[in-house]
Amino acid sequence: MAYSTGSGDYNALMAAVLAHAVADGWVEAGGIGTGWPISKGNVRGVDWSTFTIANTDFTGGGAFPKTTRWIRIAVGTSPANATANAGSTATSASFPNMEYTIDTWHIFSDPSIGDHINVVVQFSNGFDAAVFGHFSFGELNKHGMTYGGLAYASAHPVRGFAADNNGDENFARDWQAGVYGSIFRHFNGRIGYSYTSNLTYNPFQYVISPTNSPFPALPIWPAADTSHDQSRLLDTYGISQDSFEIHTVSPFNLGDANAKMGHSALIASSQPYSGGVSFMPIPILIANTTSASQTLRYINVGSAPNIRLCSLQNLLAGDEITYAGDTWQVFPMVCRKETSTLGKRGIVSSGPYGFAYKKVV
Amino acid sequence: MPNATGVANTPSELLAAINTLVVANGWTKLRGETDMNCASPKAARYWRLLWIENTSVIDDFRALNSIQFRTALGGAAISGTWSATSIASGTLPGAFISADIDDQIFTITLDAGSATIVREAAIQAPSSFANARAPRDFMIQWSNDNLCWTTMYRVNNLTWSNSETKIFQFDDGYLDSLHTNGTQARRVGFDVRSDFSTVRSFNNQYADWCDDRFIWQAPGYDANRRIYIEARGHSNLGNSTNYIQFTLSPEYSAGVPGFGDQIGGFSGDTVLIMDINPVEYWIYMNNTRLIVIVKNGADDYTSAYIGFLSAFADPDNYPHPLYMCATSDGFDAFNATNNVLSSMCDPGDEAGRVRLWDNNWYEVANRNNSGITNLYKQFPVTYVWPYHIGSGGRGNWPFTFVGDWVDFDNHWLNQIDATNQGDYPVYPAIVVNREYGNLGALQGVYVVPGSVVVPEQVVTINAINYRAFPNRTRRAGCNWFLVRED
């Protein structure tokens, strides 16, 4: 099963993900019909758990107490290890918004490039009819590289409501990061996200196969069979400067006023001359633990499978585009609105930026 | 994709090698001289006297009593059709006087009707003002097409008395000093027709005005999306530098003689810089673009890309996504060391150009004019990613910028290692505009991090070979690219 869709609460969603995975050949650890955890190939274990937190919803300028539900998704060295990892925020990827009823979910997979499951959910937060969340687990697309494997769980840890009221830059975005984090990330000319000090929830967790690790056997590189978080992960090639003035001098700049997106070759604007859009991959690089810039090294371990960054300036949520015979379906990162809404108090927006998922049917 | 490699002794030889490859693979040569035999005796249909400004500004006329080209020493004059740049009175090959032409170049041309050997020229000065109006500095040149000229003989600093006759001989075996040897012609690309008002002294390295120019029609994508590539060679013996100058246009008219003057073309200079000594070359082509890479000496690789990008748009909206880039936008000395003198995919100021959908050419620039080995521009408008990746400073993790501006040592391509199995990423070279997003990718050109390849190494990915080249003598992480070879 390469594509499936449905609706319901978080339990129904995870049941649908399980069914989709099993149809793709994933194995339930306890035997057929026993449910999670599951495994397949280099992804030796995947499981999830859930928890709730008390928050205040500032969306629209109000202040309403609410209970938010999160899912922790984790991979492990075995199904049991995945279950253990899913029990802790430190060893899992955190996926919010599960207190909402999901109007539509989309589950994508494509075993031809590695075992993975990509999930998009759509819900209403009461103000916005179409708010989105994203998570994924499986094996990175290695693009033919010969290392043993890297299993990951990734989630877009952005709440679908304005979660705080402390400034113009910290409402709905949760300082998001990880494979899916993009808007309001501080590219600053660096590769991807590294503002770990501002991260609220862990967006990415991975385990490296002990066979043919991609990294040198040195303590400065991640060890195999260990749960790692996003702290040494770089996932987007930024091309930017973090000059607020530069972003605001022209309304046509890629960065756009207030967006702090920077000029990213990998999330370029729609071409004004054609209305077209570039779908840009999300490479994953792991940095060593050297702190001095002169000795910092990166190793590219692949890319997020069948996921692309894209502009939604000329596209709507759920639109499908065919490039070179492949069908891609696009969704907002959180909520598609004008760029001018980014960073505004009480507004849930991810501007005209989103993700494209390859849809194999 | 079709490619060729070899050694070129002169720009003319490299142009001929390019011509051989592209014509064999479907391109059409519209003009260009492939004849490398430049020693006497030479049989050619067209012969001319290229007359350099020969005196002070007090006399701007050219005059002769007569001129003859002869096959045999002391023999009969060759008959044919004579023409000249400007004649106010008189008739060639007899006495004439030009109009007042200031300091312009003057030519007297004989069309012999068929290939004819010339070994001697006889020139008689005018009856008056001979030393001011007779040719003091000139070349005798031959041509097969009346377009591209090759110097056979040169002389300068002559003095004349009224009605004096001088004989200039270039008997069998004679070889002009410009050429490397009798089978390695060296020509100068400037065209006296389009550049006639530019004064260059006889000793100027570009004064031969050979118009050594090839024009090819590449098939392109279809009849409406063809391209025309012009290339002309130059040599500057004074700074030991050879050049090939490129330009590109989507249309072509034979009635437009000037280099870069074609409709929709780029009129500036895009110059592949080469050593004056023999160079090793690699030529890659398909129907829509040409890549030339030159190895100068032991370790200096220069390169040029001319043609279509793979655009992120369809032809209806962006019919001619053209890109052109080489070492420089000028005729810099080969031994000049400057950050701005760079590769075809990491352009210095003005060295790269892209043609947008509005039919105008815009600068593509990654690098500044600087003595620093790798210094990137802070806020370029159009650039090639991922060589230019950011305009930030640097700091230590987690605030480590991989921006390339301010401090080079943190360029991210310099920090990428291969996996423990030796695998490493390659990236497309994308032309990016700050306002318009991703314009297109260089066809068959990929960026590879440093420290994983060596010059000329062949890398095989999915059974396709790619050859690695560095950016000139630079060997840092951000100085490498692969070219698809098959």
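Select B:Gln378 to begin: in this predicted model, B:Gln378 is partly exposed, with a relative accessible area of 23%, where buried means under 20% relative accessible area, exposed over 50% and partly exposed in between, using a 1.4 Å probe and protein chains only. B:Gln378 sits in the loop that runs between strand E23 (361-364) and strand E24 (382-385) of chain B; strands (E, at least two residues) and helices (H or I, at least four residues) are DSSP runs, numbered from the N terminus.

Residues are numbered from 1 along each chain as its sequence is written, while chains are lettered from A and ligands numbered from 1 in the order in which they are written. Because the model is predicted, local features need pLDDT of at least 70, and side-chain atom pairs count only at pLDDT 80 or more, whereas totals for chains, interfaces and linings use all residues; side-chain values use heavy atoms, with hydrogens and water left out.

Now show the whole of chain B, which has two helices and 30 strands. Its C-alpha trace spans about 85 × 45 × 45 Å along the principal axes, and buried residues account for 60% of the 486 residues in chain B.

Next come two cis peptide bonds. One runs from B:Ser40 to B:Pro41, with omega near 5°, and B:Pro41 is found in the loop between strand E2 (28-31) and strand E3 (43-51) of chain B. Another runs from B:Leu92 to B:Pro93, again with omega near 5°, and B:Pro93 belongs to the loop between strand E7 (89-90) and strand E8 (96-97) of chain B.

Then select B:Arg472, a residue other than glycine whose phi is positive, near 55°. B:Arg472 lies in the loop between strand E29 (464-470) and strand E30 (480-484) of chain B, and with a relative accessible area of 5% B:Arg472 is buried.

Finish in chain A at A:Asn97, in the loop between strand E6 (93-95) and strand E7 (102-108) of chain A. A:Asn97 is buried, at a relative accessible area of 2%, and its side chain reaches the backbone nitrogen of A:Gly160 at 2.6 Å. Leaving aside neighbours within four places in sequence, A:Asn97 is in contact (heavy atoms within 4.5 Å) with residues including A:Arg69, A:Phe123 and A:Gly160.

Notes
A polar contact is a pair of N or O atoms within 3.5 Å; within protein, one must be able to donate a hydrogen and the other to accept it, and residues adjacent in sequence count only if both atoms are side-chain atoms.
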